[in-house]
Structures are given as structure tokens and as C-alpha cells.
Amino acid sequence: MPRIRIDIDELAIALSDHDSEWVLDLQTGTTLMKEWLRDPKLRGDLDLDLDEDDDLDDEFGDLDPLESGRFLSIEPLPSHQRFRWMEEFAREQEEERVRRRLLNALDRPRPFRSFKDALHELGPVRDAWFAYEEEKLRACARAWVEERELDAELFQVPRPPAA
């Protein structure tokens, strides 16, 4: 199988999503939601960068494409891992008021929601959290690819400059 290119940020999204089930297309490197592949109508709308003579519907017909061996399931990161990141981030804050507010949020019921609410109140700290979390997710995406010994190049789509 030839080397695939995987968008590291798309893989990071799949690893962080507990609401949907994701797979990696081992032919194209694309991350996809499982329901997109199970529904023939949605499957027909996918842009999978397939060869001109390769068509998912021809390849799979009425079979579940997820059973073809072409797609690798992506399990989301455990919630406790993301909780640890929030704790680490909170403890690293230099300003006592910020550190205390974030740690207190994590001690409340619904700590993920409370942490997000606290970030919203703290303004610039919110951007710092998103950058921190993004780096942690990218590191997990790199580890995920290495653990599976995939012959893959991880790439990042350049973002437009912030306005």
C-alpha cells in the first residue's frame, strides 16, 4: 500500500470527538464519520480523491464498506486524559486568580462545561487554552499513527492569518 497523507488536524478532531464515530481511509488518508460511509446517499457525495475508475458504490455495493478492511476505526481519547490536560493547563497559569478559577471549575459538577465557562470569562486565557489543547491533540494524533505503524505523512493545512 502506498504512503498516505493525513491531515493532522482532522485526525485530532476525530480523536477528540465523543459524539461521532470516525474512521481513517487507509487508501486516501481521509478521516470520515462512519455514518457517511454507511449511508449510500451520503457516500455518493463524499470527495475521497479516488481514482477515476474507483467508485465506492461499485466497490462495496450493498455491503457495509466498514467491513472491507479499507477503513481503520478511530477511537476517541479517554475523557480522563483531556481532564488531565485541563488540570495541567490550570496549574501552569502564573496568575493566581486565573489558576484558582480554572481549578475550581474542575472541582464542580460537569467539570468540562464549567472549565469552558471559566475560560469564556477569562478572555485571553481562552486562546491560550485552545493553543495548548491543539498541541496536545496533535501530539496524540502523531502517537496514534506511530502506534499503528502506518506508512503516513502527517500534514497541516495552513490557516489564514487571524484578523
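Biologist: What volume does the largest pocket have?
Modeller: This is a predicted model, where local features need pLDDT of at least 70 and side-chain atom pairs 80 or more, while totals for chains, interfaces and linings use all residues. Residues are numbered from 1 along each chain as its sequence is written, and side-chain values use heavy atoms, leaving out hydrogens and water. A pocket is an open set of points on a 1 Å grid over the protein atoms alone, where a 1.4 Å probe fits, with protein on both sides within 12 Å along at least five of seven lines; its volume is the space filled by probe spheres on those points, joined across faces, edges and corners. For the largest pocket, that comes to about 510 Å³.

Biologist: Which residues are closest to the centre of the largest pocket?
Modeller: The lining (residues with an atom within 4 Å of a point) has 21 residues. The closest to the centre are Ser 16, Arg 82, Lys 116, Glu 133 and Leu 137.

Biologist: How many salt bridges are in the whole structure?
Modeller: A salt bridge is a Lys or Arg side-chain nitrogen within 4 Å of an Asp or Glu carboxyl oxygen. The search of the whole structure gives 16.

Biologist: Are Arg 70 and Asp 25 buried or exposed?
Modeller: Their closest N and O atoms are 2.8 Å apart, forming a salt bridge. Because Arg 70 is in a loop and Asp 25 in strand β2, the pair ties together parts 45 residues apart in sequence (a strand is a DSSP E run of at least two residues). Buried means under 20% relative accessible area, exposed over 50%, partly exposed in between (1.4 Å probe, protein chains only). Both Arg 70 and Asp 25 are buried.

Conventions:
Helices (H or I, at least four residues) and strands (E, at least two) are DSSP runs, numbered from the N terminus.
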